[in-house]
Amino acid sequence: MITLENVTKIYNPGDAPAVKDLKMEIEEGDTAVLVGPSGCGKTTTMKMINRLIEPTEGTIYVNGEDTSKVNPIRLRLNIGYVIQEIGLFPHMSIAENIATVPRELKWPKSKIQERVEELLHMVGLDPEIFRERKPRDLSGGQRQRIGVARCLAADPPVLLMDEPFGALDPITRARLQNEFLRIQEQIRKTIVFVTHDIDEAIKMGTKIAVMNEGELVQYDTPEDLLSTPKNEFVVGMVGGNYSIKRLHLKRVNEIIDREPPTVSAEEPVSKVKELLEASKVGVVMVVDGNNRLEGVVIPADLKKSGERVGEIMNEPKVTSDVGATLNDALSVMLTNGEGYALITDENERLEGYITLNQIMEALQDNA
Amino acid sequence: MSDLIDFMSRRQDQIVQFTIEHFWLILVAMAFAVVIGVVIGILITYWEPIAYPVINVTQIIMTIPSIAMIAILIPLFGIGFSNGVAALALYALLPIVRNTYTGIKAIDRAVIESAIGMGMKESGILLRIKLPLALPVIMAGIRVSTVMGIGIGAIAAYIGAGGLGSFIFWGISRVNFPMIWTGAIFISILAILADVLLGWFEKMLSLRS
């Protein structure tokens with residue numbers, strides 16, 4: 001748990017405070033997202049928690065301890081830290097990078113090695129391939145994953161994340177957000193997450209703290225923030241499209257249809273014809289023996305010549321993953337101009353599908 | 001030309017001896033310069049207001065004519081080897097101090113911030129992050145200093161510090177041109193070798209990081 005008690009930060013005497021009399025409580029296991037325009041004090045607030053910046057006034061408690069009375073090194077070793085630029089050490093291997101905090105804590109070598117493997121698996125990178133690589137050999141998304149793995153290395157109860165997915169392209173960002181949400185479901189850390197992107201805040205946060213000019217404007221759950229914005233500033237921040245924003249709050253697995261019409265590529269085309277006629281969305285999914293998605297068949301494909309399904313199927317383009325939000329799924333549908341999205345798990349196995357109608361129904365339920 | 005070859009073949013032993021003396025002079029001087037220069041370079045990264053004044057002082061030292069420098073140091077070091085070492089070490093400071101300072105300052109701010117944010121101690125950050133990352137730049141400074149020092153080192157023979165400069169001074173006083181040429185050629189060879197070797201080392205370091 002993190003408590004900020006009347007915290008104020010004034011950088012230079014006489015200047016307007018960067019953070020003004022902030023009172024905030026972050027419950028254990030919560031992801032509190034600090035959101036606001038640049039210069040609103042969100043990053044300053046976050047950096048005061050691990051004492052990269054010292055508050056001018058007020059007290060910050062992390063798990064009951066007054067941080068000003070704790071040795072800053074000890075404090076920081078118990079708080080994971082990721083920033084947008086990640087700051088991986090370019091001269092060290094990925095394994096050495098991840099091992100930074102365990103090494104500071106003087107863990108035995110074998111324990112460090114084990115932990116590095118475990119973390120690489122957790123962030124979806126094969127240790128055999130990545131352990132010895134240098135940061136420069138990695139893509140932006142992979143580096144960001146290493147950043148996350150590194151901050152989790154010593155299993156700190158609290159994480160501070162400053163726009164950790166900010167520098168990525170939208171597709172990679174959405175994927176990493178979903179992965180991180182999946183990880184957080186297992187590890188249940190207390191997280192302070194800074195972003196300027198309200199959509200990201202709604203998606204990632206269990207609580208959102210809207211800040212402006214150093215003050216906390218509203219601190220609420222995403223649902224309450226959307227339904228009862230406190231003032232004009234929050235309304236402006238959230239934007240007009242409440243219903244669209246709500247799509248960030250629901251996940252694909254809440255409305256997924258888990259009984260998709262499927263065939264195997266070996267089956268005759270006639271089989272697919274029946275299924276297509278019965279299908280609500282006019283698409284049949286082709287899977288292999290392990291339920292891995294191989295392709296799709298739409299009515300137009302029936303005109304193609306071929307006896308087996310495998311000969312007439314198309315590549316599946318409209319896919320999204322189980323952890324995705326309805327917003328992610330909708331954007332996939334719109335990009336491809338289709339009324340459905342196929343949902344796969346992390347191993348490309350078909351979980352089911354959702355349709356545009358389902359998304360619209362979900363929106364009406366919420367309203 | 002034949003005079004020169006003749007001289008060299010007659011004085012082989014002396015050439016070897018002077019080259020070793022010269023090499024030793026540079027080695028000792030550079031050892032002092034690297035330790036002092038890197039320490040000063042590190043210290044001024046922690047105390048910004050004096051960084052440029054300190055670098056400027058090392059720059060002024062470099063503009064002192066080498067003959068004058070040796071003379072100035074006589075009261076402190078007398079004449080001979082230690083005077084030569086002191087003079088060369090002082091000349092070598094600027095590139096090393098400046099490159100250590102800029103090498104550390106040029107490190108990506110995010111790298112340092114994340115190291116601090118994760119709870120690394122300053123000593124650990126210096127030894128494991130800052131110095132390894134600044135090393136190629138520091139090494140470039142050491143290379144410039146060394147090559148320069150090998151040239152200036154000739155002057156040290158004037159106060160009896162030995163080395164290849166001896167050929168040059170003797171040659172001048174005896175109007176013996178093959179002797180002067182021998183000194184000049186072997187100093188150049190030493191400088192070129194040092195440049196190539198340290199350059200290769202510098203490249204290895206920057207490839208590694």
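Student: How far apart do the C-alpha centres of domain 1 of chain A and domain 2 of chain A lie?

Tutor: This is a predicted model, in which local features need pLDDT of at least 70, side-chain atom pairs count only at pLDDT 80 or more, and totals for chains, interfaces and linings use all residues. Residues are numbered from 1 along each chain as its sequence is written, while chains are lettered from A and ligands numbered from 1 in the order in which they are written. Domain 1 of chain A covers 2-250 and domain 2 covers 253-366, with bounds from an automatic or database domain assignment. The distance between their C-alpha centres is 36 Å.

Student: Which element gives the most residues to the side of domain 1 of chain A that touches domain 2 of chain A?

Tutor: The contact takes 10 residues from domain 1 of chain A and 13 residues from domain 2 of chain A, where two residues are in contact if their C-beta atoms, placed from the backbone, lie within 7 Å. On the domain 1 side, two elements give two or more residues: α12 (242-246) and α8 (170-187) of chain A. Elements are DSSP runs numbered from the N terminus, helices being H or I of at least four residues and strands E of at least two. With 4 residues, the most comes from α8(A).

Student: How many charged residues are on that side of domain 1 of chain A?

Tutor: Ala, Val, Leu, Ile, Met, Phe, Trp, Tyr, Cys and Pro count as nonpolar, Asp, Glu, Lys and Arg as charged, and the others, Gly among them, as polar. By these classes, the side of domain 1 that touches domain 2 has 3 nonpolar and 3 polar residues. Its charged residues number 4.

Student: In what order do the 4 strands of the open sheet in chain A lie?

Tutor: Strands pair if DSSP finds at least two bridges between them, and in this sheet the pairing is antiparallel. β2 (19-26) and β5 (65-66) of chain A each pair on one side only, as edge strands. Strand β1 (residues 2-9) is joined by 5 bridges to strand β4 (residues 57-62) of chain A. The order in chain A is β2-β1-β4-β5.

Student: What angle does the direction of helix α1 of chain A make with that of β1(A)?

Tutor: Helix α1 (residues 42-49) of chain A packs on the sheet and touches β1, β2 and β4 of chain A. Axes are lines fitted to C-alpha atoms, for helices over the stretch in contact, and angles run from 0 to 180 degrees between N-to-C directions. The angle between α1(A) and β1(A) is about 120 degrees.

Student: Is A:Gly80 buried or exposed?

Tutor: A:Gly80 lies in strand β6 (residues 79-83) of chain A, and its contacts beyond four places in sequence include A:Cys151 and A:Leu160. A residue is buried if 20 or more other C-beta atoms, placed from the backbone, lie within 10 Å of its own, exposed if 12 or fewer, and partly exposed in between. Because A:Gly80 has 27 C-beta neighbours inside 10 Å, it counts as buried.

Student: Which element supplies the largest share of the side of chain B that touches chain A?

Tutor: Chain B has 9 helices and 0 strands. The contact takes 17 residues from chain B and 16 residues from chain A. On the chain B side, α6 (109-117) and α7 (122-152) each supply at least two residues. The largest share, 6 residues, comes from α6(B).
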